[in-house]
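Dear colleague,

Please find the structure below, handed over for your records. My notes on it follow.

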Amino acid sequence: LNVTADMLRGFRNAFRTQQSSYFMMPNPKIFPADKPVATYGKKSFTPSEIPNLFKALNFSEGVDLYDEFQNKHDVKIGPGVDVYCLYGTDLNTIDRVDVPNLEALKDKPDNHIHNGIGDGVVNELSMAVCKSWQGANFGHSVNYSTFPGVNHMAIVKDKNVHDYLLK
């Protein structure tokens, strides 16, 4: 991932104005309680500490928005319709961002990104949440399958995915 400082600034501006972005942030109900998703300075932040990260970054308006979205939705309960949860795996995906200070992002922002496993965009912990919907989807089915090496955008064009759906 080649991230530039301009991209990060643009992302920040978009993120602040698109409230649904907070729904896509690491969720404390999914991630292990001791798993840091960011560091700023010498402090690590787990998903339950994201409001503290926002405060450290002087982004107090983000605290209320994050809390509203994270507390309003129980991601462990399905949507109440039949679900096909199909996703790629085994690709490098952003897992943690370590920022010693805001100045460090200006020159080489991608040096502060650490990868884990996912589909290249969404980490595997988040994608696999649909497995928890078995028995918690208001009587509707939950079907899931993983496709190793298939990235986030290519999943809709992948032949193996098409074959799975046509079975």
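Which residue in S4 is the bridge partner of Tyr-40? The partner is Val-99.

This is a predicted model, in which local features need pLDDT of at least 70 and side-chain atom pairs count only at pLDDT 80 or more, while totals for chains, interfaces and linings use all residues. Residues are numbered from 1 along each chain as its sequence is written, and side-chain values use heavy atoms, with hydrogens and water left out.

Strands here are DSSP runs of E with at least two residues, and helices are runs of H or I with at least four, numbered from the N terminus. Two strands pair if DSSP finds at least two bridges between them. S1 (residues 38-40) runs parallel to S4 (residues 91-99), joined by 3 bridges. S4 also pairs with S5 (residues 113-118), antiparallel over 6 bridges; there, Arg-96 stands opposite His-114.

Thr-39 lies in S1. Its relative accessible area is 15%, so it is buried (under 20%, with a 1.4 Å probe and protein chains only). The side chains of Thr-39 and Asp-98 form a polar contact of 2.7 Å (a pair of N or O atoms within 3.5 Å, one able to donate a hydrogen and the other to accept it; residues adjacent in sequence count only if both atoms are side-chain atoms).

A disulfide (cysteine sulfur atoms within 2.5 Å) joins Cys-85 to Cys-130, with S to S at 2.1 Å. Cys-85 is in strand S3 and Cys-130 in the loop between H5 and S6, so the bond ties together parts 45 residues apart in sequence. The S-S torsion is about -85°, so the disulfide is left-handed.

Yours sincerely

Note on methods
Buried < 20%, exposed > 50% of the residue type's maximum accessible area, 1.4 Å probe, protein only.
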